[in-house]
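Please read them with the structure open.

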Amino acid sequence: MTAILSRSASALALALALAFPAAHADVPAPVNPTYPGTIVLNVDATNLSQQIFRMRMSIPVKPGPLTLLYPQWLPANHGPNGPITQLAGLKFTANGKPVEWTRDPVQVFAFHVTVPEGATTLEAEYQYLSPLDASQGRNTMTDDILGVQWISTTLYPAGYVARGVTVQANLKLPTGWQYATALETENRQGDDIRFKPSDLETLVDSPLFAGRYYKQFDLDPGAKVPVRLNVFADTPESLEAKPEQIEPHRKLVQQAYKLFGSHHYDHYDFLFALSDEFGGIGREHHQSSENGVKPGYFTDWSKSEAGRDLLPHEYTHSWDGKFRRPAGQNVPNFNVPLQNELLYVYEGQTQYWGNVLAARSGLVSIAGARDALAATAARYDSVAGRNWRALQDTVNDPIMNARRPLGWANWQRSEDYYSEGQLIWLDVDTRLREMSNDKRSLNDFARAFYSMNDGSHLPAFYTFEDVVATLNKIQPYDWASFLRSKLDGHGPGAPLDGLARAGWKLVYTDTPTDLIKGADDRNKVTDLSYSLGFTVAADGAIRGLIWDGVAFRAGLAANSSIVAVNNRVYKPELLKKAITEAKDGKPIQLLVKKGNVLRTVSLDYRGGLRYPRLERIPGTKDRLEAIFSALK
């Protein structure tokens with residue numbers, strides 16, 4: 001009996017050992033203020049044909065256990081989205097001999113090593129594999145442009161605060177290429193660049209663009225604090241900007257200074273890529289921003305107005321999001337979770353100011369700014385998901401979904417704190433103006449909230465209570481209850497009180513605004529969201545279907561495509577014509593393909609084409625004009 005029990009106990013022990021791995025080394029918490037010594041990071045970015053960044057890192061160490069981290073929680077991405085699957089070929093050596101590593105089984109961005117006796121430096125070699133197509137992620141290297149995001153190319157020791165880890169970075173570029181970055185250059189010899197040592201947080205916050213074709217524009221000539229627009233492109237022709245195109249970018253700088261009454265950088269560098277291949281991006285940093293759009297920003301200037309709020313948005317982040325940061329973003333390093341509860345300020349108010357500054361600078365016309373606001377208002381007025389999911393909950397989307405495509409975005413909701421947040425801040429602005437007889441506005445909040453510590457780089461963190469207190473100093477009101485009602489409430493309908501108080505209302509006509517027409521042409525789609533309840537691509541693929549809209553009720557989904565309209569092969573013009581003729585009772589018959597199945601769908605709709613725009617409310621004050629007009 002004893003032998004049987006012994007064998008049973010052994011079997012149980014074996015089963016448990018197989019089910020639960022041996023205890024792993026703990027990942028040290030970031031409690032130490034500084035790491036001893038300077039880490040040297042070498043990045044070779046010359047392998048353009050295979051899009052591979054090669055890294056060598058020298059880390060001062062002492063013998064014993066050491067944990068190295070790959071950054072997981074990415075600032076400005078708002079989630080644990082570090083591209084660890086693109087990290088490859090990791091090898092460590094000390095004193096010329098291999099040092100084995102093991103990945104932490106729970107915190108998989110952590111690598112445990114044991115530094116051998118007598119070693120004072122640990123050498124690391126690894127690669128960052130830039131995605132080869134969009135399904136793998138954003139392309140950061142082409143034959144003509146590359147972007148070095150240091151956060152993707154670095155490891156760092158666990159147990160230390162990021163500001164206390166000193167890194168000296170070096171970069172090897174393709175022959176003859178130029179570069180731009182907020183990082184301070186120590187020297188350049190040929191294609192080898194040596195940067196001045198910096199703390200890890202500053203390094204990560206100072207990405208670099210480089211390219212074959214490059215031009216820099218001074219946006220604040222003669223200023224002691226330079227602001228530069230660094231443009232990289234697939235072709236030299238795309239770099240040709242006329243003086244009248246650069247002028248509104250210069251006005252953007254001056255309008256931002258007048259609005260915020262401060263700056264929080266030694267210099268500011270827009271990193272701007274115009275490319276069909278280099279991945280599009282809009283990401284904020286304290287002294288720079290990463291921006292990527294399609295070619296034609298300058299050469300097709302008359303058609304690019306709809307996209308010209310990108311630079312104002314990212315520039316605003318130097319004040320809102322990088323200098324003033326939500327308290328939940330006060331984390332010691334890049335592997336401690338961020339808390340996103342105030343993203344409706346961080347991103348929502350930035351979305352508001354980005355569009356306002358685009359208009360005030362002349363990058364976008366006032367009419368164009370109104371049309372953009374109409375498109376935003378209509379979009380959120382049709383978001384069915386507002387009925388079950390509050391705006392406050394959408395701040396969790398970067399953590400939950402990491403910006404992956406959604407099958408039913410109109411019902412599931414996404415990062416709505418951006419643009420629905422913009423509508424809330426329009427409400428705040430117009431409410432301030434109304435209550436003060438137009439003597440005070442959100443301009444006053446911006447100056448009070450963001451102008452502190454002029455010239456300082458150190459972030460100033462804030463809470464919900466700080467936001468409310470500042471609003472109350474501008475204009476006494478129950479701002480806490482107001483904001484909470486907007487953030488925690490539900491639909492139906494978007495928060496459009498700010499529009500009405502500004503003297504405008506959302507209407508629909510059968511003619512698209514220039515902004516909508518331009519967006520459709522640029523994206524090669526036909527937006528029928530407010531008639532049939534979907535957008536359709538040039539090849540007939542159905543996208544962006546409105547929950548409980550006309551097409552939804554007919555059983556369509558965004559995994560189908562339109563083959564024919566009323567027995568004729570699909571063309572956008574045919575579908576628009578069918579919608580117009582349906583007003584007179586003619587049916588809309590769609591031949592729809594889903595997988596290998598074809599079926600005919602009848603749409604019961606008589607409302608004609610519907611496109612959003614703003615219309616003046618008679619007898620009211622036009623506060624949008626005042627909001628969008630340049631500050632004196």
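**Notes on the model**

1. Aspartate 218 is in contact (heavy atoms within 4.5 Å) with Val227 and Arg250, leaving aside its neighbours within four places in sequence. The residue sits in strand β17 (residues 213–218). Helices here are DSSP runs of H or I with at least four residues, strands are runs of E with at least two, and both are numbered from the N terminus.

2. A word on the basis. This is a predicted model, in which local features need pLDDT of at least 70 and side-chain atom pairs count only at pLDDT 80 or more, while totals for chains, interfaces and linings use all residues. Residues are numbered from 1 along each chain as its sequence is written, and side-chain values use heavy atoms, with hydrogens and water left out.

3. Buried means under 20% relative accessible area, exposed means over 50%, and partly exposed is in between (1.4 Å probe, protein chains only). The side chain of aspartate 218 reaches the backbone nitrogen of aspartate 220 at 3.0 Å. Aspartate 218 and arginine 228 are 10 residues apart in sequence, yet their C-alpha atoms are 4.8 Å apart in space.

4. Arginine 433 belongs to helix α11 (residues 419–435). Arginine 433 counts as buried because its relative accessible area is 8%. Its side chain makes a polar contact with the side chain of aspartate 429, at 2.9 Å. A polar contact is a pair of N or O atoms within 3.5 Å; within protein, one must be able to donate a hydrogen and the other to accept it, and residues adjacent in sequence count only if both atoms are side-chain atoms. Leaving aside neighbours within four places in sequence, the contacts of arginine 433 include Arg360, Asp438 and Arg623.

5. Look next at the open sheet of three strands, in the order β25-β26-β27, with antiparallel pairing. Its edge strands are β25 (525–528) and β27 (542–543), each pairing on one side only. Two strands pair if DSSP finds at least two bridges between them. β25 and β26 (residues 534–537) pair over four bridges. Aspartate 527 has threonine 535 in β26 as its bridge partner. Helix α18 (residues 572–581) lies across β25 and β26, at about 15° to β25. For that angle, axes are lines fitted to C-alpha atoms, for helices over the stretch in contact, and angles run from 0 to 180 degrees between N-to-C directions.

6. How many aromatic pairs does the structure hold? There are 41. Rings of Phe, Tyr and Trp (its six-membered ring) pair if their centres lie within 6.5 Å; planes under 30 degrees apart are stacked, over 60 edge-to-face, and the rest tilted. Phenylalanine 270 and tyrosine 315 form a tilted pair, 5.3 Å centre to centre with 55° between the planes. Phenylalanine 270 is in strand β19 (residues 268–274) and tyrosine 315 in helix α5 (residues 310–316), so the pair ties together parts 45 residues apart in sequence. Both residues are buried. One aromatic cluster includes Phe270, Tyr315, Trp319 and Trp425.

7. Finally, charges over rings. Arginine 138 lies over the face of phenylalanine 278, 4.9 Å from the ring centre. Arginine 484 lies over the face of phenylalanine 464, at 5.3 Å. The criterion is NZ of Lys or CZ of Arg within 6 Å of the ring centre and within 35 degrees of the ring normal.
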